[in-house]
Amino acid sequence: MKSVCVLGSTGSIGLSTLDVLRINQQSYRVFALTANRNIDRLVEQCLEFKPCFAVVPDEQLAEQCRLKISQSAAAATEVISGMESLEFVAKHHDVDIVVAAIVGAAGLLSTLAAAQAGKKLLLANKEALVISGDLLMSAVKDNNACLLPLDSEHNALFQCMPAGYQAGQGAAGIRKLILTASGGPFLNKPAAELRNVTVEQACAHPNWSMGRKISVDSATMMNKGLELIEASYLFAMPADLIEVLVHPQSVVHSMVDYIDGSVLAQLGNPDMRTPIAHALAWPERQASGVSPLDFMLNKQLSFAAPCYEKFPCLRLAYEVLATKGSAPAILNAANEVAVEGFLNKKIRFTDIPVLIQQALDTSSIEPLDSIDTVLRVDRVTRELTMRNMESI
Ligand code: NAD
Ligand code: MG
């Protein structure tokens, strides 16, 4: 039995993870679950999976959670609060596997704690890697952690890598990585109409059901931009060897193009339980609950180049990856604030790349020498972008 800590268990990835754990319950026990605000869902999960710990950062909400759990028959879970409690469960010596599924920079310290404690770390929280880059990759290497990507594209690339490949290593014989992108809900919408799109339209992804932040990122194609940076760190590849290819069906999850002309791809239905089941069981395989791919239903697989004019966020991500240092952290913080602003109807959809560009233009890029620097850059960029949002 492997002991699993699910950071962000009440979110979209968290729910898919618990689905896979439920199907394979003979192999796993849940050690800890965490939630930000959705206490009712967390309590339900605690009653079903009976973890040792449930973490709720806010003490008042944690108290509500304690009360609800103590009223039930299965009061086996201790509820703890404070952001540092996320790190406590992520590095706990009784944990084998940490699923990092908190959204945004808020997941950085707990993800890092899992790496520092040498855990098997299943990474969904791409923002943590985007902002901390080599610092997180070094923590993985120095502490013999095992980093496995859950993001479907990166999990696909990992599966197409040479045998024995470990995240962060270079691999010989690769010409380029091909990251596929669905293109999001606005792939075929004229650029001039993007100005007036609504939150509901932006969150209605054609192929994947996901949290609201990543849904908006998919609509701006910043998700692919973040994934480009994520792939660069995970696979030690420079920006010019990572190509983004629009593939609206989301069946080919990504490809590795080798120098001998072979292109290896991983295919499957667009369902996150496949990469989650793969990474949990790796190097073995286990059931995921995902239905088999039906080629008779998927006869048309099409590919096209992305449009950088219509989706400037993708261009910005290529630019910050060429610069590195604190640039990806600036891009990410400005994007998180702008997406939140759009979700709260404070700004237009097309203001998102404008705010990110402003943050990049007015911030000095510095080397990322420590996590304190990452946290400071993140905080300062958030403050700057909030101010810029007032005058947009
Ligand atoms: P979500 O919004 O559905 O869930 C987010 C989770 O994080 C929730 O459990 C929430 O309680 C927790 N959380 C949010 N803010 C927090 C905070 N400040 N402190 C502590 N916990 C907090 O998001 P999601 O779609 O599950 O995405 C999670 C991560 O996985 C993101 O980084 C996303 O980019 C990545 N990802 C998601 C998908 C997907 O299909 N949903 C696919 C690939 C990668
Ligand atoms: Mg993805």
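Of the 21 residues around ligand 1, those that come nearest are T10, S12, N36, E127 and G211, where a residue is counted as near if one of its heavy atoms lies within 4 Å of the molecule. The model is predicted: local features need pLDDT of at least 70, side-chain atom pairs count only at pLDDT 80 or more, and totals for chains, interfaces and linings use all residues. Residues are numbered from 1 along each chain as its sequence is written, chains are lettered from A and ligands numbered from 1 in the order in which they are written, and side-chain values use heavy atoms, with hydrogens and water left out.

The shell around ligand 1 consists of 10 nonpolar, 8 polar and 3 charged residues. In this division Ala, Val, Leu, Ile, Met, Phe, Trp, Tyr, Cys and Pro count as nonpolar, Asp, Glu, Lys and Arg as charged, and the others, Gly among them, as polar. Helices α1 (12–23) and α6 each supply at least two residues of this shell; helices (H or I, at least four residues) and strands (E, at least two) are DSSP runs numbered from the N terminus. Oxygen atoms of ligand 1 lie 2.8 Å from a polar side-chain atom of T10 and 2.7 Å from a polar side-chain atom of E127. A polar backbone atom of V103 is 3.5 Å from an oxygen atom of ligand 1. The protein covers 87% of the 830 Å² of accessible area that ligand 1 has on its own, as given by the Shrake-Rupley method with a 1.4 Å probe.

S9 lies in the loop between β1 (2–7) and α1. With 0% relative accessibility, S9 counts as buried, a term that denotes under 20% relative accessible area, whereas exposed denotes over 50% (1.4 Å probe, protein chains only). The side chains of S9 and Q45 are joined by a polar contact of 2.8 Å, that is, a pair of N or O atoms within 3.5 Å, one able to donate a hydrogen and the other to accept it. Leaving aside residues up to four places away in sequence, S9 touches G14, L15, L18, L33, T34, L42 and Q45, contact being defined by heavy atoms within 4.5 Å.

In helix α7 (residues 134–142), the buried residues are L136, M137, A139 and V140. These residues lie on the same side of α7 because they cover an arc of only 155° around the axis. On the other side of α7, K141 and D142 are exposed. The cover over the buried residues of α7 includes α5 (108–116), α6 (126–132), β7 (146–149) and α11 (222–234). N144, which follows α7, has a positive phi, near 55°.

How values were computed
Arc of directions from axis to C-beta.
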